Structure formats: C-alpha cells, structure tokens
Amino acid sequence: PNGEILTYRTTNREGYRHYHSNPKVCLDCPLRSQCTSSKKALKIITRHVWEEDKEHVQEIRLTSWG
C-alpha cells in the first residue's frame, strides 16, 4: 500500500517465485496493518513463473478480437 518494491528472493521447485519486503522499511510504515500482520514486519508475495503470461492471455481473451 505504500508503494515499496518487493525484491525477488527465490523460486521453489513447483515454479513459484517468492518476493519479500524489507523488514526495516516495513517496521516503521504507517500502512503496515493494511499490508501484513507479521510480527517480523515481513510481506511475502508468491507468484507462479507463468502468472504474467496467464494475465496477458486473460487480457486478450476479454477483447472483442479474443
């Protein structure tokens, strides 16, 4: 919610990429309660490696041409 960028950490064997926030930044963030309830002030987003392609296909599918 505060516009901070999550950094890529790793990809697991199932093909999911993990993006983590910087706990030092999140610790003092006024919007922390909207973003995470983690005691370590850490936000983790997990996305599949094909997620970007799936979003693109969804955009095309919803057009009149698609």
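**Cysteines**

I began with Cys29, which counts as buried because its relative accessibility is 19% (buried is under 20% relative accessible area, exposed over 50%, partly exposed in between, with a 1.4 Å probe and protein chains only). I noted that this is a predicted model, where local features need pLDDT of at least 70, side-chain atom pairs count only at pLDDT 80 or more, and totals for chains, interfaces and linings use all residues. Residues are numbered from 1 along each chain as its sequence is written, and side-chain values use heavy atoms, with hydrogens and water left out.

I then checked Cys35, which is partly exposed at 26% relative accessibility. Its closest cysteine sulfur is also in Cys26, 6.0 Å away, too far for a bond. I count zero disulfides, taking a disulfide as a pair of cysteine sulfur atoms within 2.5 Å.

**Largest pocket**

I find about 190 Å³ of space in the largest pocket. It has 14 lining residues, and the closest to its centre are Pro1, Asn2, Glu4, Cys26 and Cys35. Helix H1 (23-27) and helix H2 (32-35) each give two or more residues to the lining. By class I have seven nonpolar, four polar and three charged lining residues.

**Domain record**

I looked up UniProt, where an unreviewed entry places "domain: Transposase DDE" at residues 1-65; such annotations may be inferred rather than shown by experiment. Over residues 1-65 I read 31% helix and 23% strand (DSSP runs, helices H or I of at least four residues, strands E of at least two). The end C-alpha atoms are 34 Å apart.

**Pocket terms**

I used a 1 Å grid over the protein atoms alone; a pocket is an open set of points where a 1.4 Å probe fits, with protein on both sides within 12 Å along at least five of seven lines, and lining residues have an atom within 4 Å of a point. The volume is the space filled by probe spheres set on the points.

How values were computed:
Nonpolar A, V, L, I, M, F, W, Y, C, P; charged D, E, K, R; others polar.
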